[in-house]
Amino acid sequence: MIIIMDPEATPFEIDNVVAKVESKGWQTRISRGSGETTIGVQGKGQPLGSFHLGQMAGVREIMAITQKFKLASRAFQPENTTFTLGGINVGSNQLLVIAGPCSVESKEQLFETAHAVKEAGAHFLRGGAFKPRTSPYSFQGMGEAGLKLLAEAREVTGLPIVTEVMSPDKVALVSIYADVLQIGTRNMQNYDLLNAVGRAHKPVLLKRGMSATIEDLLMAAEYILAHGNHRVMLCERGIRTFDNKYTRNTFDVNAIALLKELTHLPIIADPSHAVGVRHLVPSIALAAVAVGADGLIIETHPNPDKATSDGDQSLTLPQFGELMVKIRAMASAVGRVV
Ligand code: PEP
Ligand code: MN
């Protein structure tokens with residue numbers, strides 16, 4: 001439910017409504033959009049009817065949210081969710097660029113990448129230490145040793161770390177080292193994991209399941225938000241379609257534009273996993289920015305042919321630098337800064 005206050009409502013009247021609602025065991029989230037204040041009501045409190053909320057001073061309207069996703073919806077919170085991490089205001093006019101290898105492989109590989117992507121203008125460093133591989137015989141990641149290397153790379157470059165967590169029992173461990181917890185495509189509907197990261201005090205990058213609808217993605221986000229973790233970024237990383245002869249997945253450009261309408265959460269695009277081939281990554285990255293993505297996550301490797309995972313889709317370090325120049329141009333064409 002959302003309570004829409006009169007544009008002339010006084011701070012006292014707003015506080016009064018919040019106090020009434022909270023006294024019944026609900027949580028509130030205040031949004032100050034274009035001139036009007038809305039109070040989102042969430043949680044599991046007692047019925048509010050007896051307070052005649054609609055009659056309280058300063059209340060203009062009470063609206064039920066009819067969409068299945070509520071906390072994630074624009075109706076619940078009209079203005080964009082923004083939060084600051086590593087000096088970057090995620091979800092604002094500033095475009096967020098996350099870059100780094102698919103997997104952490106060694107100190108040399110990670111540090112060389114981290115320095116190069118920082119130099120080129122990336123804001124966060126990505127790298128997987130726990131890898132969700134389709135085959136159990138493929139490289140599974142360095143585990144905690146990889147997390148330690150990521151933390152060291154942050155120390156020397158200042159770049160916050162984005163890394164995947166695959167199971168609820170690893171959330172505490174990964175949270176020690178990571179700045180952002182990534183939920184991979186294969187785990188988008190792992191509800192125990194969503195609940196666990198909802199309780200963690202770290203921002204979450206939630207990747208769309210490869211066969212998930214947009215509504216499935218928003219419902220998955222809802223699990224995290226329901227625990228009071230509001231720092232959730234959604235990630236379009238390509239979906240399975242009938243045509244996978246030349247590309248790994250199909251980048252759903254519709255999803256970016258539509259999600260910007262449906263939700264206030266920041267939308268990140270992952271062109272690397274979407275296309276699966278290096279030569280198409282720049283075009284799709286630029287398309288994502290053109291259509292309104294709030295950020296990009298791009299796999300980058302000093303020697304992609306030797307990568308333990310996703311080498312085919314990883315940019316070389318010089319290619320990432322060249323792409324950043326184009327990203328800046330595209331960002332400025334659509335009124336964003338990098
Ligand atoms: C990754 O980011 O390396 C990854 C495994 O992504 P996804 O879950 O989208 O496949
Ligand atoms: Mn990868």
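Trainee: How much space lies in the second largest pocket?
Mentor: This is a predicted model, and about 160 Å³ of space lies in its second largest pocket.

Trainee: Which residues line that second largest pocket?
Mentor: Its lining is made up of Gln27, Gln42, Gly43, Lys44, Leu71 and Ala226. By class, two of these residues are nonpolar, three are polar and one is charged.

Trainee: And how much space is in the largest pocket?
Mentor: The largest pocket holds about 390 Å³ of space. It is lined by 22 residues, and those closest to its centre are Pro132, Arg186, Arg237, Arg248 and His273.

Trainee: How does that lining divide into nonpolar, polar and charged residues?
Mentor: In the largest pocket, three lining residues are nonpolar, nine are polar and 10 are charged.

Trainee: Turning to the strands, what runs from E7 to E14?
Mentor: A closed barrel of eight strands, with parallel pairing, in the order E7-E8-E9-E10-E11-E12-E13-E14. From one strand to the next, the twist averages 25°.

Trainee: How many bridges join E10 and E11?
Mentor: Three bridges pair strand E10 (residues 180-183) with strand E11 (residues 204-207) in the parallel sense. Gln182 stands opposite Leu205 in E11.

Trainee: Which strands does helix H3 touch?
Mentor: Helix H3 (residues 144-157) packs on the sheet and touches strands E8 (124-126) and E9 (161-164). The direction of H3 makes about 165° with that of E9.

Trainee: What about helix H9: which strands does it lie across?
Mentor: Helix H9 (residues 281-290) lies across strand E13 (267-269) and strand E14 (295-299), and runs at about 170° to E14.

Conventions: Residues numbered from 1 in each chain as written. Chains lettered and ligands numbered in written order. Predicted model: local features only at pLDDT ≥ 70, side-chain atom pairs only at ≥ 80, totals over all residues. Heavy atoms only, no water. 1 Å grid on protein atoms, 1.4 Å probe; cavity = no way out; pocket = protein on both sides within 12 Å on 5 of 7 lines; lining within 4 Å. Points joined across faces, edges and corners; volume = space filled by probe spheres on them. Nonpolar A, V, L, I, M, F, W, Y, C, P; charged D, E, K, R; others polar. Pairing = 2+ DSSP bridges. Helix = DSSP H or I, 4+ residues; strand = E, 2+ residues; numbered from the N terminus. Axes fitted to C-alpha atoms, helices over the stretch in contact; angles between N-to-C directions. Contact = heavy atoms within 4.5 Å.
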